[in-house]
Amino acid sequence: MIRLHNIVGLFRKSKNDLEEGGITPIVDEKMRCPVCKSFETKRNIAKNKMVCPSCGHHFRIGARTRVKALCDKGSFQEFLTELSTNDPLDFPGYDVKLESGKMGSGEEEAVLCGRASFKGQECAIFVMEPQFMMGSMGSVVGERLARLFEYAAKEKLPVVGFTCSGGARMQEGILSLMQMAKVSGAVDYHSKRGGLYITVLTDPTTGGVSASFAMLGDIILSEPNATIGFAGRRVIEQTTKKKLPDDFQKAEFLLEHGFVDAIVPRTELRKTISKLLRQHKMKEHGIALEDAVFRQEAKQLKINELSPYERVLTARSQERPTARAYIENMFTDRTEFHGDRKFADDQAVIGGMGMLGEMPVTFIGIERGRNLEERIQCNFGSPMPEGYRKALRLMKQAEKFQRPIICLVDTAGAFCGEEAEERGQGQAIADNLMKMMAITTPIITIVIGEGGSGGALGLSVANCVYMLENSVFSVISPEGCASILLGESSKEAAAEAAKCLCITAEDMKRFGVAERIIPEDFWYFEEMCNQLKETLRGDFKEIYKDAPRISEKRYERFRRLGSWNENK
């Protein structure tokens, strides 16, 4: 049986398909998918961007095929073709391998570099060629990539890269290995000048490429089921004498373990990339906030007559909307990002970017879960250290691209357990407190339910804090306080502790911990979210009036809390 991804010269251009970014095969024979074993015409597979229509299996495709399938028609302008490969070590048989790579791929090297656009959004682009020595990285590949990032920095262009590689090229020895550091340095050069770098990991991305520029993107996307890893599966099994799980080093495995932001099918990549490029280009927020109105809060709010402990129970109610509900109602054109890039993707903390009206923002929320299955996955809204590290990663990304940040807090507290302590729960929260204080873009935190101790504070170092009417913020739970200080565990003791702790929204406003109390009206939740959006826009407009002092004013805000001079 012929494998589809090994067929060369099978396709020709079709006007209709090129308008859709696709390709059409000359012949219309049927092919068998190696995964689901279904038969489909080559024409239909090509129209579906070389993805099996039955099971979604992504066939490997050449670099130019990928450019035609994803970039705007006629937008790709190739450059850096003058760099030619030599044989620095006079390695036996290398010249034959090079010629074979050129014949099999039709390319002079294992990477295409140039400039292109996705739905009108311009960028620098590189695409690795799997049929040229399995996309291995030699000196010319490294030099092309380094020059591409330097060009993008000079032209103030984002970079979109599609990786597909077996790793460093052994025939060039240590010079090949050094390209890992060189290209990583070029990525840093581009990043320090404010450049956006989006990587798309395709099957396979392994070895030295995975240990350098492939994993350095501001946003890391992957095609489904792509193999991604440093050491080869067989090498690991031989070394450890263990059988690895079937999903080991697959894209889904990396998503779960926090190393990939999102898995995007090839059929959705063009739309996703264009959206991200457009949103990251929007750094001037004055126009987006031009019609925003600052809302002076009424001196007297009509607050219900619930006792402090009844507020606690209301804040904990499973009927309250969770962070995800607010995110879905308040932000359009959302892209959720995953993982701390160190250990895992904590589902108790969700985050990404979207549009607040016409302004791109970063949103981060502590999610309790909407049903029992989700609550278990989310640790019932108690974040692990990797959750706080994911949040901080997204906040630093927002700072780099000058996006305001909105945090939604609803947690009984950070996860309490052995594994959390082993992975540095205290350190993770401490890092957030210190680094959030210095972030130079606005932060507004909304406590939508329970604000439990340091776990809530880890996302509450903000320029402005909102409290929902029945939300609470406390140093410890009323039950914990009653047990430790009162020596009782009854509901009556917890109610007394809640009263003594002063944890209600009104208390937070009185202490200066919160600036706004948001009335609750969950019967008209959509309208409530619309009003909340307008309040956020008005406050962001006020904060931006003194943009150079955003972080300084945040520090001053906290400096006043509990100050003897202020309270005398």
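Phe331 counts as buried because its relative accessibility is 1%, where buried means under 20% relative accessible area with a 1.4 Å probe and protein chains only. Before going on, a word on the model: it is predicted, so local features need pLDDT of at least 70 and side-chain atom pairs count only at pLDDT 80 or more, while totals for chains, interfaces and linings use all residues. Residues are numbered from 1 along each chain as its sequence is written, and side-chain values use heavy atoms, with hydrogens and water left out.

Now the rings. There are nine aromatic pairs in the structure; Phe, Tyr and Trp rings (the six-membered one for Trp) pair if their centres lie within 6.5 Å, and planes under 30 degrees apart count as stacked, over 60 as edge-to-face and the rest as tilted. Phe126 and Tyr197 are one of them, and that pair is tilted because the planes sit at 45°, with ring centres 6.5 Å apart. This pair links distant parts of the chain, with Phe126 in strand β7 (residues 121-128) and Tyr197 in strand β9 (residues 197-206), 71 residues apart. Helices (H or I, at least four residues) and strands (E, at least two) are DSSP runs, numbered from the N terminus. Phe126 is buried at 0% relative accessibility, and Tyr197 is buried too, at 1%.

Back to Phe331: its ring is stacked with that of Phe363, because the planes are at 10°, and the centres are 5.4 Å apart. Phe331 is in the loop between α12 (323-330) and β13 (332-337) and Phe363 is in strand β15 (residues 359-366), so the pair ties together parts 32 residues apart in sequence. Phe363 is buried, with a relative accessible area of 3%.

One aromatic cluster is formed by Phe126, Phe149, Tyr197 and Phe213.

Some rings also have a charge over the face (NZ of Lys or CZ of Arg within 6 Å of the ring centre and within 35 degrees of the ring normal):

| Charged residue | Ring | Distance from ring centre |
|---|---|---|
| Arg193 | Tyr189 | 3.6 Å |
| Arg516 | Phe294 | 5.2 Å |

On to the largest pocket, which has about 590 Å³ of space. Of its 23 lining residues, Asn463, Cys464, Glu515, Arg557 and Arg560 are the closest to the centre. A pocket here is an open set of points on a 1 Å grid over the protein atoms alone, where a 1.4 Å probe fits, with protein on both sides within 12 Å along at least five of seven lines; lining residues have an atom within 4 Å of a point. Volume is the space filled by probe spheres set on the points, which are joined across faces, edges and corners. Helix α22 supplies the largest share of the lining, five residues.

Conventions:
Buried < 20%, exposed > 50% of the residue type's maximum accessible area, 1.4 Å probe, protein only.
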